[in-house]
Amino acid sequence: MTGDPSIDREAFKQFERDGFSRVAQGYDGAIAQVTSQVNEAILDAVETRAGTRLLDVACGTGWLSAAALKRQAIVIGLDYAENMVAIGRSRFPQVEFRVGDAENLPFEPNEFDAVVCNLGILHFPEPEKAIAQSLRVLKSGGHYAFTCWTPPARNPFMALILGAVQTYGIINVDLPPGPPLFRFGEPEECKNILTASGFVSVSLRELPITWTFSRPQDIVPTIIASSARLGPMLAMQTQEQRHDIENAIIEGAKKYAINGVIQIPASVVLAVGCKP
Ligand SMILES: C[S@@+](CC[C@H](N)C(=O)[O-])C[C@H]1O[C@@H](n2cnc3c(N)ncnc32)[C@H](O)[C@@H]1O
């Protein structure tokens, strides 16, 4: 995957960085609370406690870092998108944040007891490189954990959005291509990459996540305002395609109404390994 010639790695990396900087405010308002639902499970997986030196890679606006700090860990949050880090710094002033690249971590070897990455790995052009960097900065006996969305077959939210685009629009819009979105949503793939990277005691779990919206009509505008890739993908459809996609999503979401609130299930794979 690393050597995939169809991927311009720099173009993809800049697209992700610029995209997340553009939507940082929307992301913090709408998506961070969704991704945060697995924060405690991630921190448990890497045995976070008082004094744990923890690096949160692709920390976004810092909610996982802040949860680790609450456990009295010694935390650094790192993200490539300056606006994400800026919001993190103002929302969680007690957390130390750095702007930096997951594939080139600005730390010495063996600095951390734990490295975590919540839903970041699918945004890196060379995830193997990011995993190798995490291994490098971990101490021996330290733990690494990352999450990734499960594929649409096991993820009703992704099935609803991508299914509507596939049926009524164009899924391969002209955006810099990156590695397959759901590559690590397959447990076998997670296990293989962690083992091949040198981790031992690899374990995998699937964790539920719920996307909540007040009204089905809010779904598409929320995604456009808060997502670096799905947002542009929806925004780049023609007006007619966009209309049909939006209708399909609204209709499909109605079946997830519980007490007047839309609650769409989704899930992530949590992959954990230990540095020998
Ligand atoms: C889906 S968000 C996840 C944010 C946060 N971990 C959370 O759970 O809400 C993905 C994050 O990866 C960051 N990112 C993308 N490419 C990166 C890179 N090469 N190095 C570090 N961060 C990167 C983005 O800026 C964005 O904040």
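Author: On a 1 Å grid over the protein atoms alone, a pocket is an open set of points with protein on both sides within 12 Å along at least five of seven lines, and its lining residues have an atom within 4 Å of a point. The model discussed here is predicted.

Reader: Which element gives the largest share of the lining of the second largest pocket?

Author: The second largest pocket has a volume of about 160 Å³. Its lining includes Gly 29, Gln 33 and Val 34, as well as Thr 210, Trp 211, Thr 212 and Phe 213. At least two lining residues come from each of H1, H2 and strand E6 (200-213). The largest share, four residues, belongs to E6.

Reader: How many residues in the lining of the second largest pocket are polar?

Author: Gln 37 and Thr 222 are among the residues that line this pocket. By class, its lining has no charged residues and four nonpolar ones, while the number of polar residues is six.

Reader: Which elements give two or more residues to the lining of the largest pocket?

Author: The largest pocket holds about 460 Å³ of space. It is lined by 21 residues, and Ile 171, Asn 172, Leu 181, Arg 229 and Met 233 are the closest to its centre. The elements that give two or more residues to this lining are H1, H7 and helix H10 (230-235).

Reader: How many residues in the lining of the largest pocket are nonpolar?

Author: Leu 181 and Met 233 are among the residues closest to the centre of the largest pocket. The lining divides into two charged residues, four polar ones and a nonpolar group that numbers 15.

Reader: How many residues does H1 supply to the lining of the largest cavity?

Author: The largest cavity has about 730 Å³ of space and is lined by 45 residues. The largest share comes from H1, and the number of residues is five.

Reader: How many charged residues are in the lining of the largest cavity?

Author: Phe 20, Tyr 27, Leu 119, Gly 120 and His 123 lie nearest the centre of this cavity. By class, its lining has 25 nonpolar residues and 13 polar ones, and the charged residues number seven.

Reader: What is the volume of the second largest cavity?

Author: The structure holds two cavities of 30 Å³ or more. The space inside is about 50 Å³.

Reader: Is Ser 134 buried or exposed?

Author: Ser 134 is found in helix H6. It touches Val 57, Leu 105, Val 115 and Tyr 144. Buried means under 20% relative accessible area. The value for Ser 134 is 2%, so this residue is buried.

Reader: Where is Gly 120 found?

Author: Gly 120 is buried, with a relative accessible area of 3%. Beyond residues up to four places away in sequence, it touches Ala 58 and Thr 147. Its place is the loop between strand E4 (112-117) and helix H6 (127-137).

Reader: How far apart in space are Gly 120 and Ala 235, C-alpha to C-alpha?

Author: Gly 120 lies among the residues nearest the centre of the largest cavity. In sequence, Gly 120 and Ala 235 are 115 residues apart. In space, C-alpha to C-alpha, the distance is 22 Å.

Reader: Which residue has its backbone nitrogen 2.9 Å from a polar atom of the side chain of Thr 52?

Author: Thr 52 sits in the loop between helix H3 (39-45) and strand E1 (53-57). It is buried, with a relative accessible area of 7%, and it touches residues including Glu 47, Ala 73 and Asp 113. The backbone nitrogen 2.9 Å from a polar atom of its side chain belongs to Arg 49.

How values were computed: Residues numbered from 1 in each chain as written. Predicted model: local features only at pLDDT ≥ 70, side-chain atom pairs only at ≥ 80, totals over all residues. Heavy atoms only, no water. 1 Å grid on protein atoms, 1.4 Å probe; cavity = no way out; pocket = protein on both sides within 12 Å on 5 of 7 lines; lining within 4 Å. Points joined across faces, edges and corners; volume = space filled by probe spheres on them. Nonpolar A, V, L, I, M, F, W, Y, C, P; charged D, E, K, R; others polar. Buried < 20%, exposed > 50% of the residue type's maximum accessible area, 1.4 Å probe, protein only. Polar contact = N/O pair within 3.5 Å; in protein donor to acceptor, adjacent residues only side chain to side chain. Contact = heavy atoms within 4.5 Å.
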